[in-house]
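The sequence and structure are shown below.

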Amino acid sequence: MDTRAWLQTLVGFDTTSRNANMGLIETVRDALSAQGVQSHLSYNVGGNKANLFATLPAQDGQTQGGIILSGHTDVVPVDGQTWQSDPFTLTERDGKLYGRGAADMKGYLAVALAQVPAFLAMPRSKPLHLALSYDEEVGCVGAPVMLADLKARGVRADGCVVGEPTGMRVVVAHKGINVFTCKVHGRAAHSSLTPQGCNAIEYAARLICRIRDLADQYRDHGPYEALYDVPYTSVTTNLIQGGIAVNTIPQDCQFTYEFRNLPGMSPETIQAQVEAYVRDELLPRMRREFEGAAVDIRCDARAPALEASEQAAISQLVQALAGARAGEAAKVAYATEAGLFHQAGIPTVVCGPGHIEQAHKADEYVAIEQLQRCEAFLAKLGQSLI
Ligand SMILES: [Zn+2]
């Protein structure tokens, strides 16, 4: 199958993160198997989602070293979006291919899969690996399972290219992401009897304002890194629920906040400030009203920042092959799985077809010209391993 046929196949699977991805994974596994390439699957706890890792050995059978081409298989929901055509049917208009995941990031996977026969025919001295993950869009949940599996099996690689949509620019650094859910537990009472209650919404609001103060502090005082579109660590509360009736003091309130840290800033240090405020000020105050008051904070998702060196071998190689000019390497605010690969000791950069601005929205698309640039790039990457 060529790139377009692969993209059509991949987009045809509704791999919204809440769904299983096994249909897609099995299709890829079978297609690779038909070419003599064995896949290794690592599963989620429920057994309905899997990562796929496959090695295209070097000519002499060597499976260690070489480069990993990595991408996630899940996509964000289309709920509430108005599309001009069915999001799960690849549709061409004006040189663009529309479909959920066309840019983020089934386009890159399609290019990589379509080139497997060519990769296999090359007399390479080093292997190439394909790494497809599940549940990236809900906080990089699948990739750590795959990386643990690679470690357990002793698989090594010299570098990795995560094909998130960068417009085929080379991204050497991105922020980390950390998502927390906070549950504030007070005491319910009839709203006319305020001294008997402990108002969970009001105390949650205090904490949210404190989190906002922290955000303002980073905005106003740094640290800064000018190459990012938002050049400081951002902190924001994005979801809240609480209360049951207009005349009842709310017992519970729950909210979700995130911070996106610059590389070099420890997420633990940021979170410690939130926890210190809860411990030293908020909880003592709540407990004066109700001894059983509680504030529980749980980390839902976390992906480390990426900070690869522009001088690293993989950065130099990808930059040369992708036709980027020296000094053009970029830093971006969105998080990817690259930070996890990097943390696992595999030098990693991000470079893929399409643009992040076209992702996650209605009428997501990838331009055919972007796919062609990626085809040329991956062909050269394969040849660099000869
Ligand atoms: Zn993505």
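Which residues form one aromatic cluster? In this predicted model, the cluster consists of Phe180, Phe255, Tyr257 and Phe259.

## Aromatic pairs

The count of aromatic pairs comes to five. One of them is stacked, because the ring centres of phenylalanine 180 and tyrosine 257 lie 5.3 Å apart and their planes meet at 20°, with stacking assigned to planes under 30 degrees apart. This pair links distant parts of the chain: phenylalanine 180 belongs to strand β9 (residues 177-185) and tyrosine 257 to strand β13 (residues 252-260), 77 residues apart. Phenylalanine 180 and tyrosine 257 are both buried.

The pair of tyrosine 224 and tyrosine 232 is edge-to-face, because the ring centres are 6.4 Å apart and the planes stand at 85°. Tyrosine 224 has a relative accessibility of 46% and therefore counts as partly exposed.

## Charges over rings

Arginine 93 lies over the face of tyrosine 98, at 3.9 Å from the ring centre. Lysine 96 lies over the face of tyrosine 365, at 4.9 Å from the ring centre.

Helix α1 spans residues 3-12, and its residues Thr3, Trp6, Leu7, Leu10 and Val11 are buried. These residues lie on the same side of α1 because they cover an arc of only 125° around the axis. An α-helix has 3.6 residues a turn, so residues three or four places apart point the same way.

The buried residues of α1 pack against the helices α2 (22-34), α3 (102-114) and α10 (368-383). They also pack against the strands β5 (96-98) and β18 (365-367).

Conventions. Residues numbered from 1 in each chain as written. Predicted model: local features only at pLDDT ≥ 70, side-chain atom pairs only at ≥ 80, totals over all residues. Heavy atoms only, no water. Buried < 20%, exposed > 50% of the residue type's maximum accessible area, 1.4 Å probe, protein only. Helix = DSSP H or I, 4+ residues; strand = E, 2+ residues; numbered from the N terminus. Arc of directions from axis to C-beta. Contact = heavy atoms within 4.5 Å. Phe/Tyr/Trp six-rings, centres within 6.5 Å; stacked < 30°, edge-to-face > 60°. Lys NZ or Arg CZ within 6 Å of the ring centre and 35° of its normal.
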